[in-house]
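Subject: Structure handover

Hello,

Here is the structure you are taking over. Please open it first, then read the notes below.

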Amino acid sequence: MKKITLSILLSIFLCFAASAQEDLLTMNLGISSGIPFYGDQNQNLFATQIETDKRVIVGTFLNANLNLIKQVSFYIGAELLTDFNWKDYSYKHFLHTGFPLGIKVYPGLGGLNLGLAYELGFRSDFYQLPNGSSVNNSMAWGNGFKLHIEYNFAHTSKIKKLPIIGCSWNLMPRGNYSYDNLLVFYLGLNF
């Protein structure tokens, strides 16, 4: 009985894979930037003690996509968004790390897709106070979600190494009823 069930599931999987426009398994690698909105700045007293005038927000991501049918892809990934703030010798740096697991739906408008993902992640904070002392903190792991809209140029093309462009909104709990909202813009490459 188990062999028959396994054979039927494998046959269905192969039928879906044969009808997909893209390869069965694709990867996306890219760079990102964005705007983080921190939930509770008073949660960490060090952040409020440091004044900065220079800021750089840059990130990267890697996703693996399972393309069973043309209209739907499932993906898993890893993301890092860094927020560097400094003035003279003082700094406060925030590193957002996330691992999304989600779905992309193509409504039939070329490579345009909408996505929803469960995301597991945490934030690490690094401070150097004006008096020269430094502090490193790591926030609790949180179970959040991610919504995105993106355009995948390779979805309807025979050429597979084409770019993707998109934006996403992440809501990530950070403990003590505090949430970080991350508005992220990204550019990537399919391979």
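On the surface, I76, F99, L101, Y118, L120 and W141 make up a nonpolar patch. Their accessible area comes to about 600 Å² together. Patch members have over 30% relative accessible area and no salt bridge; like charges are joined within 9 Å, and nonpolar side chains (Val, Leu, Ile, Met, Phe, Trp, Tyr) within 5 Å. A salt bridge here is a side-chain nitrogen of Lys or Arg within 4 Å of a carboxyl oxygen of Asp or Glu. Areas follow the Shrake-Rupley method with a 1.4 Å probe, and for residues only the protein chains shown count as cover. Two elements, β4 and β5, each give two or more residues to the patch. L101 is one of the residues in strand β4. Strands (E, at least two residues) and helices (H or I, at least four) are DSSP runs numbered from the N terminus.

A word on the source. The model is predicted: local features need pLDDT of at least 70, side-chain atom pairs count only at pLDDT 80 or more, and totals for chains, interfaces and linings use all residues. Residues are numbered from 1 along each chain as its sequence is written, and side-chain values use heavy atoms, with hydrogens and water left out.

Next, the strand pairing. Two strands pair if DSSP finds at least two bridges between them.

- β4 (residues 90-105) and β5 (residues 112-128) run antiparallel, joined by 15 bridges. I103 has L116 in β5 as its bridge partner. Six residues lie between the strands of this hairpin, and G108 takes a positive phi near 100°.
- β5 and β7 (residues 142-152) are antiparallel, with 10 bridges. L120 has N143 in β7 as its bridge partner.
- β5 and β6 (residues 134-138) are also antiparallel, with five bridges. Q128 has S134 in β6 as its bridge partner. This hairpin has five residues between its strands, and G132 in the turn has a positive phi of about 100°.

Now the rings. Seven aromatic pairs turn up in a search of the whole structure. Rings of Phe, Tyr and Trp (its six-membered ring) pair if their centres lie within 6.5 Å; planes under 30 degrees apart count as stacked, over 60 as edge-to-face and the rest as tilted.

One of the pairs is F61 with Y186. Their ring centres are 5.3 Å apart and their planes at 75°, so the pair is edge-to-face. F61 is in strand β2 (residues 54-69) and Y186 in strand β9 (residues 178-190), so the pair ties together parts 125 residues apart in sequence. F61 is buried at 7% relative accessible area, and Y186 is buried at 9%. Buried means under 20% relative accessible area, exposed over 50%, and partly exposed in between (1.4 Å probe, protein chains only).

F94 and Y127 form another pair, with centres 6.1 Å apart and planes at 80°, so the pair is edge-to-face. F94 lies in β4 and Y127 in β5, so the pair ties together parts 33 residues apart in sequence. Both F94 and Y127 are buried. Ring pairs also link Y38, F94 and Y127 into a cluster.

Last, one backbone detail. Most residues other than glycine have a negative phi. D88 is not a glycine, yet has a positive phi of about 55°. D88 sits in the loop between β3 (72-87) and β4. At 66% relative accessibility, D88 is exposed.

Best wishes
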